[in-house]
Amino acid sequence: MAKIDFLAKELDLLREQGLFNTIRTIDGPQGAWFVADGKRVLNLCSNNYLGFANSPLLKKAAKQAINKYGVGSGAVRTIAGTQTIHLELEKKLAEFKHAPASIVLQGGFNANLAVIPTITGEGDLIFSDELNHASIIDGCRLSKARVVRYLHNNAEDLRKKIKEEMKDARRMLIVTDGVFSMNGDIAPLPDLVEVADEFGAMVMVDDAHGEGVLGEGGRGIVNHFGLEGKVEIEVGTLSKAFGVVGGYVTGPQVLIDYLKQRGRPFLFSTGLSPADAAAAVAAVDVLLQGDKLVKKLWANAEYFRGGLKAAGFATGESQTPIIPVILGDEKLASEFSKTLFAGRIFAQSIAYPTVERGKARIRCMISAVHEKKDLDFALEKFTEAGKRLGVLTAERSSVNSGNRQNI
Ligand SMILES: Cc1ncc(COP(=O)(O)O)c(C=O)c1O
């Protein structure tokens, strides 16, 4: 037996528990419909909120950048130099977010790893929402600061925990997702900022699912709540509404200058490819020109959420185009997803460790590229599957609806 074979047992265990993740193969670009495992299906899984992942404008920008800069950025930017397209993207992102400055990383995950351990360390306290994204959790782990989890979206619990823990802390950071990626609910940022100001803590928000979605023309959660200048650090991703790949941080110039000197993913990982950077510039340009796509996204999300609720599904606390159908049992969620796929709907089940055990769900991601007839088709297939698998009973929907304990 090879030393590595213990992993086979672990994989068997995942299969037994309904936690084994089967990755479907997509033959073509992301969009409302695509071919997955050889079958044409309606796509409810991608974070491509505005349809930019296959936008002719973005593709043209990427091709032009390849012609001008080649395909690779050579090495880490501090060693091989920064290509002008990276600087253009950073300027554009800061302008879009109404922030003083920005730094681009290779992904949103890396952006969190670049900020949290760089600005906090031993002797510091981090207050982190209990449902924060894995990349925030890992950033906190790397920081060596003491991490205190507060109850999800609960500013009162945060206040109480700060009071209990703050003695002797050198500095304090409050960190939250802006839009929670598995629930689609929005952080109560004004309340968190108020608590932060009361105790002199810094605030950081990961706006991965808020930019291109919330605020004026998709400027994100800080703009949505009118808090510009009051939140020290915003993290973003170029992989969701912007349709490309990459991550970034916006904030005061001093923060960005420091991250360029000390942020490990910036110092030790090669810069974004020029094509990705140029496509992201083009995405921001489209958003700077108007909010047509953002409006369509919201109209679609509201229509679909309303349809699911009317059919008797529990969509939890969803307020955004992230719309979970909460089923609880992992095997049931996996079966539900397979039934949907048989009916030409691609909506993956999400289970532990992405969400807590016993809180499995089908997560629907709505996009501006969906048409009303697509959403009607999906509602019909969800209802069929819901009836077949017995998840539309009156008791079940009344137990689940709007009750955070069930998420
Ligand atoms: C809240 C949040 N932060 C960060 C990330 C990571 O972003 P990226 O895919 O750009 O690495 C995600 C993606 O799932 C996310 O949902």
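Predicted model: local features only at pLDDT ≥ 70, side-chain atom pairs only at ≥ 80, totals over all residues.

Q: At what angle do helix 7 and helix 8 pack, and how far apart are their axes?

A: Helix 7 (residues 155-165) and helix 8 (residues 189-199) pack at about 20°, and their axes are 9 Å apart. That makes helix 7 roughly parallel to helix 8, because angles under 35 degrees count as roughly parallel.

Q: Why give both an angle and a distance for two packed helices?

A: Those are the two things used to describe a packed pair: the angle between the axes and the distance between them.

Q: Okay, which residues in helix 7 and helix 8 meet?

A: From helix 7 you have Ala155, Leu158, Arg159, Ile162 and Lys163. They meet Asp191, Leu192, Glu194, Val195, Glu198 and Phe199 in helix 8. By class, the contact of helix 7 with helix 8 has 6 nonpolar and 5 charged residues, with no polar ones.

Q: New pair. How do helix 4 and helix 12 pack?

A: Helix 4 (residues 84-97) and helix 12 (residues 274-289) pack at an angle of about 25°, and their axes are 9 Å apart. They are therefore roughly parallel to each other.

Q: Is the crossing of helix 4 and helix 12 left-handed or right-handed?

A: Helix 4 and helix 12 make a left-handed crossing. On the helix 4 side, the contact is made by Ile85, His86, Glu88, Leu89, Lys92, Leu93, Glu95 and Phe96. Helix 12 brings Pro274, Ala277, Ala278, Ala280, Val281, Val284, Asp285, Leu287 and Leu288.

Q: How many of the residues in the contact of helix 4 with helix 12 are nonpolar, polar and charged?

A: There are 12 nonpolar, 1 polar and 4 charged residues in the contact of helix 4 with helix 12.

Q: And what about helix 5 and helix 6, at what angle do their axes cross?

A: The axes of helix 5 (residues 108-119) and helix 6 (residues 134-143) cross at roughly 30° and come within 8 Å. That makes helix 5 roughly parallel to helix 6. Helix 5 passes helix 6 in a right-handed crossing.

Q: Who meets whom in helix 5 and helix 6?

A: In helix 5 look for Phe109, Asn112, Leu113, Ile116 and Pro117. They meet Ala134, Ser135, Ile136, Asp138, Gly139, Cys140, Leu142 and Ser143 in helix 6. Sorted by class, the contact of helix 5 with helix 6 has 8 nonpolar, 4 polar and 1 charged residues.

Q: Switching to the backbone. Where is there a cis peptide bond?

A: The cis bond joins Tyr352 and Pro353, with omega about 5°. Pro353 is in the loop between strand 12 (349-350) and strand 13 (360-365).

Q: Which non-glycine residue has a positive phi near 45°?

A: That's Asp37. Asp37 is in the loop between strand 1 (33-36) and strand 2 (39-43). Asp37 is partly exposed, at 38% relative accessible area.

Q: What about Lys144, buried or exposed?

A: Lys144 counts as exposed, at 61% relative accessibility. Lys144 is not a glycine, yet its phi is positive, about 70°. You'll find Lys144 in the loop between helix 6 and strand 5 (146-150).

Q: Last one: what happens just after helix 15?

A: Gly390 takes a positive phi of about 65° there. Helix 15 (residues 372-388) has 17 residues and reaches 24 Å from its first C-alpha to its last, close to the 24 Å expected at 1.5 Å a residue. Its buried residues include Leu375, Phe377, Leu379 and Phe382.

Notes:
Residues numbered from 1 in each chain as written. Heavy atoms only, no water. Axes fitted to C-alpha atoms, helices over the stretch in contact; angles between N-to-C directions. Helix = DSSP H or I, 4+ residues; strand = E, 2+ residues; numbered from the N terminus. Parallel < 35°, antiparallel > 145°, perpendicular 65-115°, else oblique. Left-handed = near helix turned anticlockwise from the far one by under 90°. Contact = heavy atoms within 4.5 Å. Nonpolar A, V, L, I, M, F, W, Y, C, P; charged D, E, K, R; others polar. Expected span 1.5 Å × (residues − 1). Buried < 20%, exposed > 50% of the residue type's maximum accessible area, 1.4 Å probe, protein only.
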